[in-house]
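My entries follow in the order in which I looked things up.

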Amino acid sequence: MNIFTNHITSIITLAFASLISCSISTSAAPSSDPIPVHYSEETELVSILAHLAGVNGYIFDSADGVLEDYLSDVEHYFAGYSGHKAVKFVRNKLAMKGFAWDFPMAFALRLRIDGNQIICDPDIDTDFDDYYDRITRKNEKTLIRLLQEFYADTDFHRFFIDHKSLYQECETAMSKVASRLDMSWYDSFFCPSGGTSFHVFLGLLNGPGNYAIHQKTRDGKEIINALMGCCDRNEHGEIYYGEAYTLPVLIHEFNHSYCNPLNDEFWEGISPAATRVFNTDPAFYASIAYGSPVHVMNETFVEASMFRYLMTHPIDLEGTGFAGMEELIERLLEIDEKDRKFLLIRDLTDMLKEREEHMDIYPTMRDFMPRYIEEVNRSVK
């Protein structure tokens, strides 16, 4: 099986990668400070709970790219717990009220397991990023209590430790890819951000699902997290994250923490045009988890920004079947336009080049947003 083809197909299903035709001149530079890569007990605990509850984003199988042997272990070990109180609470109370896709991971990243006790991380700003728009404080408290019971009743820690070597193999494989990301690009392309830290968290049950979780500490420091699935095994049976399909996704997820707030801040200027784009096929956009004009514009802005990175940072295409970056880029661009219906993607990607060429006029992306608004409105006419 061609690993790249398998994963790009899976990733496309949830819409997490695309590019645009360009000339490539600069080699990808490794990150000066390695990005921490974690396989955490907290995120895996919540992921497995969500899987048992049938939550969207956590019910993928081997056909979607989930490792068959790991999925089998999960389903065998937890077979007797599908009726647990925690599972029923998530399935019957939370799943239809926003507890799906990225949100279970946003919840998990607020937790710490300390001496077999599940606690809220005291360093995290609990009110940041509209978190409580998707869960009430009462339901969150109930979920933590039931999660503690699930953790004890299933002897979850034993399951986690039994698979520790697999998780560590995932961390090592992803670290090799993450080290290729030029983190200085974020300061130059968006704006300098002192004190911001980047982290990668992994989830074998996520399959093609990859999520961006933006947090802030109580002392004001921002944390940008990427929750990554999209792994495979190579011909030797080793955990493998291909650079050609993983780096675009990783860049995409980190971009959300910059692009989404800018779209929110300047939404009044692009809302009518964004709504017209969305209304061309609202049922389709909802079917790929982008159920509002804001979601579609966030994804388009994130993708266009990712293209700008890849235009100057070529990636290793060995074994992918693509002769060069331009061929790969054009293929992924077609996916964005035809399969995902991101109608503005070419225009916005071309437009963002202006910022790169005129940083004296536009020192930060925020300074460039009036031009961005202008292009969105021009493109929709």
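Which residues have the most contacts inside the largest nonpolar core? I find Tyr70, Phe254 and Tyr372, in a core of 129 residues. I take a nonpolar core as a set of buried Ala, Val, Leu, Ile, Met, Phe, Trp, Tyr and Cys residues joined through side-chain atoms within 4.5 Å. Helix 13 (residues 293-312) gives the largest share of this core, 10 residues.

Ground rules next. This is a predicted model, so I note that local features need pLDDT of at least 70, side-chain atom pairs count only at pLDDT 80 or more, and totals for chains, interfaces and linings use all residues. Residues are numbered from 1 along each chain as its sequence is written, and side-chain values use heavy atoms, with hydrogens and water left out.

Confidence. pLDDT is the predictor's confidence in each residue, from 0 to 100. The chain averages 90, and 92% of the residues score at least 70. Over residues 1-31 I see pLDDT under 50. The model still has 111 contacts for residues 1-31 beyond four places in sequence; contact means heavy atoms within 4.5 Å.

Phe254. I listed its contacts, leaving aside neighbours within four places in sequence. Among them are Ile35, Leu181, Tyr186, Phe198 and Asn225.

Gln215. I place this residue in strand 5 (residues 211-216); strands are DSSP E runs of at least two residues, helices H or I runs of at least four, both numbered from the N terminus. Gln215 is buried, with a relative accessible area of 8%. My cut-offs are under 20% for buried, over 50% for exposed and partly exposed in between (1.4 Å probe, protein chains only). Its side chain makes a polar contact with the side chain of Asn225 at 2.9 Å. A polar contact is a pair of N or O atoms within 3.5 Å; within protein, one must be able to donate a hydrogen and the other to accept it, and residues adjacent in sequence count only if both atoms are side-chain atoms.

Ser184. I find this residue in helix 9 (residues 184-189). Ser184 is partly exposed, at 47% relative accessible area. Its side chain makes a polar contact with that of Asp182 at 2.6 Å.
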